[in-house]
Amino acid sequence: MIYTIIAIFLSVTILIMAITAIYSKSLVVAVISAGAVGLFASVVYLLLAAPDVAMTEAAIGSGLSTIIFFYVINKIRQNNA
Amino acid sequence: MEYIEIIGAVVTLIGTIFLFLGSLGLIRMPDVFNRIQTGTKATTLGTMLTLLGIGLIHLDWAGKIIVLIIFVLVTNPVSSHVLARAAHYIGIPLTSKTVVDKMAQKPAITVKKGDKLKEED
Amino acid sequence: MVNIILYTALGFVALALILTIIRFLIGKSVVDRVIAFDIMTVTSIALIGIISHFTDRVIYLDISIVYGLLSFISVIVIAKYFEKGL
Amino acid sequence: MKFKNIILSFILLFVTWMLLNNKFDIQIVGVGLVVSLFVSFAVCSKCEIFSKVNVSPKGIIYFFLYFFVFMGELIKSNLDVARRVIAPSLPINPGIVEVETQLKTKIGRLVLANSITLTPGTLSMDIKDDKIFVHWINVTDADKENATKEIVAKFEKYLKVIYG
């Protein structure tokens, strides 16, 4: 029962974050929202009793992909300036 | 035996109340630096107390709980310090209640064209 | 008794998450949103701790260690991007 | 003093490994000894970070005293934050002041800046040589000496013994 309520709450949060990532004007805000999607998706995987998937999602979805996106944005900014 | 679990649960409840107050401060404060102040202090102690309560309920998990508490205690101030310095560097304005700003003597930096970092939307 | 108190604690964590998400959505500048992201992460560590009590599995605490470590690094990278580029 | 660096980082790594495993077994202890010895030799034979730490009994006693003082300040600062957030009139009076420190080593300044961030109403923003810029939520005195006495002095007498 309590897991269902938490899972619904987190899923609605994931939807809000994904919509923010699509409709945001700024590139930086979009990348941070995508990182937040990975963050909450990892907690949802944890509620579905899959710790290994949750650990991978936390490492790749939230950490590594944000860092790589920022690296690429920085490269593009240097080339344009 | 029974008492220590109830003490742990109460400690967890106090920690979550501090987390809630930190988020409330994040909504109510007028500018970036005051938000960092309330946010980082309240969440550091709140997370430490929450994990400590869980550790009192399950006494055999003590090792990982101790590592997590020390980790939160060390990394949380560092990230708030770095964010505050970056916010002052790119020229986020301070609130109108500010009394004194000793860091303003530095030459203002120039934000490159195409970077809308200060105020978007 | 213990579980009733911890359900209340879970409610407070959910309220804290909702307030942080509101700050993320209305945030005036980019730094506001990054602060909201940082505090969201720390609150989620507390949430994972409480969930690991209800499910009674110690491996969830390992996930919260990985979680905190990587989000700390990504906050540092974002701040460094704001200051002078990577 | 390379030797002190290696020994201190070895102890740090080994204690972290044992706490993470949470089990006392001959295989776990053996693996932990070998790996942490190798890592501390490979990484920390050039760094200088622990070379000024005072490990005499006086330093250890002062470390525990500092720990209790710090915990008291942390709890006091949280009650302060709670009072300011709940009050309807939002009683803040913020400003950025400049304070001075007498600590010389890098790790001492790191610990001092982290402690300033977690004490009532202050947030360290930038550090240059021996000057720290502090965002203070309730400025009572913008002068440098008075602000130093108010913010830094309560930690510095312990940290000067431990980190030099």
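This is a predicted model: local features need pLDDT of at least 70, side-chain atom pairs count only at pLDDT 80 or more; totals for chains, interfaces and linings use all residues.
Local features are reported at pLDDT of at least 70 and side-chain atom pairs at pLDDT 80 or more, whereas totals for chains, interfaces and linings use all residues; side-chain values use heavy atoms, with hydrogens and water left out. Residues are numbered from 1 along each chain as its sequence is written, and chains are lettered from A in the order in which they are written.

Five pairs of chains are in contact, and of these chains B and C share the most contacts (contact means heavy atoms within 4.5 Å). Chain A and chain D, by comparison, are not joined by any contact, and their closest C-alpha atoms lie 16 Å apart.

The contact between chains B and C involves 48 residues of chain B and 49 residues of chain C. About 4500 Å² is buried between chain B and chain C, with 76% of this area given by carbon and sulfur atoms; buried area is the accessible area (1.4 Å probe) that two parts lose on being put together, summed over both. Three salt bridges are counted between the two chains, a salt bridge being a side-chain nitrogen of Lys or Arg within 4 Å of a carboxyl oxygen of Asp or Glu. Lys64(B) and Asp62(C) form a salt bridge through their side chains, at 3.5 Å from N to O.

On the side of chain B that touches chain C, the elements giving two or more residues are α1 (2-28), α2 (32-57) and α3 (62-89) of chain B. Helices (H or I, at least four residues) and strands (E, at least two) are DSSP runs, numbered from the N terminus. The largest share of this side, 15 residues, is contributed by α3(B). Its composition by class is 29 nonpolar, eleven polar and eight charged residues, where Ala, Val, Leu, Ile, Met, Phe, Trp, Tyr, Cys and Pro count as nonpolar, Asp, Glu, Lys and Arg as charged, and the others, Gly among them, as polar.

In chain D, three strands form an open antiparallel sheet in the order β1-β3-β2; two strands pair if DSSP finds at least two bridges between them. The edge strands, β1 (95-100) and β2 (122-128) of chain D, each pair on one side only. Pairing of β1(D) with β3 (residues 131-136) of chain D is antiparallel and extends over six bridges. Glu98(D) has Phe133(D) in β3(D) as its bridge partner.
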